[in-house]
Amino acid sequence: MINGREAEKSPERLELVPPVDIYDTDEAVVVLADLPGVAAGNLSVNVDRGSLTIRGRREEASEPGQRYFQEFRVGDYVRAFSLGEDVDASNIEAELRDGVLRLTLPKGPERKVRKIQVKAG
Amino acid sequence: MQLVPRKPFGERAVRTLRGEVDRLFEDFFRMPSLFGSNLEEDRPFMPAVDVCETDTDVVVEAELPGVDPAQVEVNLDGGSLVLRGERKHEEEKKTKNAHRVERFFGQFERRIGLPEGVNPEDVEATYKEGVLTVRIGKREEVKPRSIPVKVTR
């Protein structure tokens, strides 16, 4: 409490960078991110002006006991990507399963590989 | 090789670049073989582990996203908990062009020393959101008890 005001500022959360794999198929770009300990309700995927941001919140462990070996880091997983113009941002699919987020970013019509008919002349 | 737990760098204000550097260091310490690794093959890795102890249990948690829990061996071996298994790629890997591959796959193993007094008959392992949690109960005699003090006058 400072000057009678409620200083309700939460402590700054640690930001962690999750490892990702990025693959390319004919139709889409696939991003796979490791987000262990993140529940679906604590995950946000946002697209803003050509930039895709993943933010997953990892909660404090519920065990109240004495922690004597800690390698986990508690905080927010954050990773941002620039989207190329060929990505169709309105049709991004996201699936979170067993701590792995799969994002499927369909490519716009220009980038799809098309079979071109060869006319025999 | 005895693995010494590494204290996290622990700063509050972490920017992306620093987060990347932290992760590079952590990956460095977690990989058992640093030389001769073939980048095209999966390298063995060691998942991050948290251990905590309450009055009644010892709880071990391991970060294992994307692992089939049926493929993980959880064993109690002479006072240690051994977690062993393999993380496989999602099937499609071979048919796609990879731009970036940062995640760890392949064989993993961690051996975690447990305090005395755990009861090997009372072990429960669960897997949720990519975290494997192993709870091991403590034997009755090591649970803290409140001892009444008898007063004689």
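The structure described here is a predicted model. Of the 121 residues in chain A, 39% are buried. Among contacts in chain A with a separation of 6 or more, 54% are accounted for by residues 24 or more positions apart. Chain A contains nine strands and zero helices, so that its elements, taken from the N terminus, read β-β-β-β-β-β-β-β-β.

Within chain A, an open sheet of four strands was identified, with the order S1-S7-S5-S4 and mixed pairing. The edges of this sheet are formed by strand S1 (15–16) and strand S4 (38–48) of chain A, each of which pairs on one side only. In general, the strands of a sheet pair through backbone hydrogen bonds, in either a parallel or an antiparallel manner. S4(A) and strand S5 (residues 51–58) of chain A run antiparallel and are joined by seven bridges. Within S5(A), Gly56(A) is the residue that stands opposite Leu43(A).

A further local feature of chain A concerns the backbone of Asp98(A). Most residues other than glycine have a negative phi. Asp98(A), although not a glycine, has a positive phi of about 50°. This residue is placed in the loop between strand S8 (93–97) and strand S9 (100–106) of chain A. With a relative accessibility of 27%, Asp98(A) counts as partly exposed.

The largest nonpolar core comprises 20 residues, and those with the most contacts inside it include Val60(B), Leu64(B), Leu81(B), Leu83(B), Leu114(B), Leu132(B) and Val134(B). At least two residues of this core are supplied by each of six elements of chain B, namely strand S1 (49–53), strand S2 (57–63), strand S4 (80–87), strand S6 (106–113), strand S7 (118–128) and strand S8 (131–138). Another core, of 19 residues, lies apart from it and has Leu16(A), Val31(A), Leu43(A) and Val87(A) among its members. In chain B, the surroundings of Leu114(B) were examined individually. When residues up to four places away in sequence are not counted, Leu114(B) touches Val58(B), Val60(B), Leu76(B), Gly79(B), Ser80(B), Leu81(B) and Ile136(B).

Strand S8(B) is mostly covered, with seven of its eight residues buried. This strand runs antiparallel to S2(B), to which it is joined by seven bridges; here Val131(B) is the bridge partner of Glu63(B). S8(B) also runs antiparallel to S7(B), again with seven bridges, and in this pairing Leu132(B) stands opposite Tyr127(B). S7(B) and S8(B) form a hairpin with two residues between them. Glu129(B) lies in the loop between these strands and has a phi near 55°, a positive value in a residue other than glycine. The relative accessible area of Glu129(B) is 25%, and the residue is therefore partly exposed.

Aromatic pairs number two over all chains. In one of them, the ring centres of Phe45(B) and Phe108(B) lie 5.6 Å apart and the planes meet at 45°, so the pair is classed as tilted. Phe45(B) is located in the loop between helix H1 (16–30) and S1 of chain B, whereas Phe108(B) belongs to strand S6 of chain B; the pair therefore ties together parts that are 63 residues apart in sequence. Both partners are buried: the relative accessible area is 7% for Phe45(B) and 2% for Phe108(B). Together with Phe104(B), Phe45(B) and Phe108(B) form one aromatic cluster. A contact between a charge and a ring was also found in chain B, where the charged end of Arg87(B) sits over the ring of Phe105(B) at 4.6 Å from its centre.

Key
Residues numbered from 1 in each chain as written. Chains lettered and ligands numbered in written order. Predicted model: local features only at pLDDT ≥ 70, side-chain atom pairs only at ≥ 80, totals over all residues. Heavy atoms only, no water. Pairing = 2+ DSSP bridges. Core = buried A, V, L, I, M, F, W, Y, C linked by side-chain atoms within 4.5 Å. Buried < 20%, exposed > 50% of the residue type's maximum accessible area, 1.4 Å probe, protein only. Contact = heavy atoms within 4.5 Å. Phe/Tyr/Trp six-rings, centres within 6.5 Å; stacked < 30°, edge-to-face > 60°. Lys NZ or Arg CZ within 6 Å of the ring centre and 35° of its normal.
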